[in-house]
Amino acid sequence: MVGKVVIRALVCVLISIGTIYAQQVEVPREKAGKIVQQTKHPTAQPVVEVRPSRTVAFAETSNLNTPRLSIEQMRQAGALAAQKVKEEDHDIETDSSESDSPATVSPRKKEISANAVRAIDRPSRESELLSAQPLSFSGQTAFTRLADGFDLPIGKPDGRGYYKARGMRAHGHLGEDWDGVGGGDTDLGDPVYCIGDGVVVFARDCHQGWGNVIIVRHAYREGLGVRNVDSLYGHLQKILVHRGQSVRRGQQIAAIGNAHGLYDAHLHLEVRKNIAIGMSRDKFAQDSSNYYDPSDFIMSHRHLQSSGASTRVAMNTFTYDSRIHWDKLRNYSHARSGGGSSESAYALKKAVASQSSSAH
């Protein structure tokens, strides 16, 4: 009798143990670290999973007579779930071997940081070009800023204190003569300004009736294209620039002179359509096909479209000038001995023209 009781007790114990072990599941290692999500039931308890090599207890509904999770197991499961949420929300990963090791930025986070675009103060093509003051000059060509307009070369910008003593006449006087209102040599040494942005293509003493001469090449927008003109400044007392130099609108480039004493002090100004003329005017038609009326050109081009861009211009276009030996040409400084002259500028020009023709 006693034996039967003992046997029944052992059977009950074995059945209970089998039931408990039947509710335990071993989680495969490769699925560790993931949270198993199931649809919540009003009476169901949380479903959790622990690190590899640990078992996970799945709690069934309260209608089943199964053991509940211990407080320690629930604490561990809660800590694990909180850590996982933190990792997913902040893209942070921790070393699984050290639970309290500091968090480090994940590789994906680092990549984003490394490739982030930083705003920089990059100047536009217009500012790069405005700030490039030195002229890029190399042999036959040079870069010059597009002119944004033109001003008169004396009494800038409108010629205040000066008057046009002589105007332009085709087949005759191919430019303008500007004198100070004081008359005589009262304007001798006064500043001469460049009429617009450009590059100096000629600057030297030409002797004869010219004296010191500067020619500046300008580029400007007209319609959809870019045009070139040359401005010539003659009879100068001194030259303040050199060939290949970049000059700006309103920059002083010379001083008013008298062609080494040949004339009363004044400025001779020309504006040329044809940039091949140079100092060899007798080789080209002396009319409006090659020359602008200086005042008309300046007044009609006071304000031009320009973004500060630069353009390339030719430097060596004066083909005929290469045949002139400047230093061997006669100087007419003996015609005057300081102060005014008893001879008219017209008579002196005829003498110079006669001498020039006989030299050829």
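Visitor: How many aromatic pairs does the structure hold?

Guide: There are six aromatic pairs in this predicted model. One of them joins phenylalanine 202 and tryptophan 326, with 5.6 Å centre to centre and 65° between the planes.

Visitor: What makes phenylalanine 202 and tryptophan 326 an edge-to-face pair?

Guide: Two checks. Ring centres have to lie within 6.5 Å, and phenylalanine 202 and tryptophan 326 come in at 5.6 Å. Planes over 60 degrees apart count as edge-to-face, and this pair has 65°, so the label follows from the cut-off.

Visitor: Why do you say that this pair ties parts together?

Guide: Phenylalanine 202 lies in strand β10 (residues 198-205), while tryptophan 326 is in the loop between β18 (310-314) and α7 (345-359), so the pair connects parts 124 residues apart in sequence.

Visitor: Why is phenylalanine 202 called buried? And what about tryptophan 326: buried or exposed?

Guide: Buried means under 20% relative accessible area. Phenylalanine 202 has 8%, so it counts as buried. Tryptophan 326 has 11%, so it is buried too.

Visitor: What kind of pair do phenylalanine 284 and tyrosine 320 form?

Guide: An edge-to-face pair: 5.8 Å centre to centre, with 80° between the planes. Phenylalanine 284 sits in the loop between β16 (267-272) and β17 (291-292) and tyrosine 320 in the loop between β18 and α7, so parts 36 residues apart in sequence are tied together.

Visitor: Which residues do ring pairs link into a cluster?

Guide: Phe150, Tyr220, Tyr292 and Phe297. Tyrosine 292 also has lysine 273 over its face, at 4.9 Å from the ring centre.

Visitor: How do you know that lysine 156 lies over the face of tyrosine 193?

Guide: The distance part of the test asks for NZ within 6 Å of the ring centre, and lysine 156 is at 4.7 Å from that of tyrosine 193. The other part asks for a position within 35 degrees of the ring normal; lysine 156 is listed as lying over the face of tyrosine 193.

Visitor: What makes the bond between lysine 156 and proline 157 a cis peptide bond?

Guide: Omega is about 0° there. Proline 157 belongs to helix α5 (residues 155-159). Most peptide bonds are trans.

Visitor: Where is alanine 259, and why does it count as buried?

Guide: Alanine 259 is in the loop between β15 (252-255) and β16. Its relative accessibility is 0%, so it counts as buried. Phi of alanine 259 is positive as well, near 55°.

Visitor: Why are β9 and β13 said to stand at the edges?

Guide: The open sheet has three strands in the order β9-β15-β13, with antiparallel pairing. β9 (191-193) and β13 (238-239) each have a single partner strand, so one side of each is left without a neighbour in the sheet.

Visitor: How do you know that β13 and β15 pair?

Guide: Pairing takes at least two bridges, and two bridges join β13 to β15.

Visitor: How confident is the prediction, and what is the mean pLDDT?

Guide: The mean is 73, and 56% of the residues reach 70 or more. Over residues 21-64 pLDDT stays under 50, and over residues 337-352 it is below 50 as well. Where pLDDT is low, the predicted coordinates should not be read in detail.

Technical notes:
Residues are numbered from 1 along each chain as its sequence is written. This is a predicted model: local features need pLDDT of at least 70, side-chain atom pairs count only at pLDDT 80 or more; totals for chains, interfaces and linings use all residues. Side-chain values use heavy atoms; hydrogens and water are left out. Rings of Phe, Tyr and Trp (its six-membered ring) pair if their centres lie within 6.5 Å; planes under 30 degrees apart count as stacked, over 60 as edge-to-face and the rest as tilted. Helices (H or I, at least four residues) and strands (E, at least two) are DSSP runs, numbered from the N terminus. Buried means under 20% relative accessible area, exposed over 50%, partly exposed in between (1.4 Å probe, protein chains only). pLDDT is the predictor's confidence in each residue, from 0 to 100. Contact means heavy atoms within 4.5 Å.
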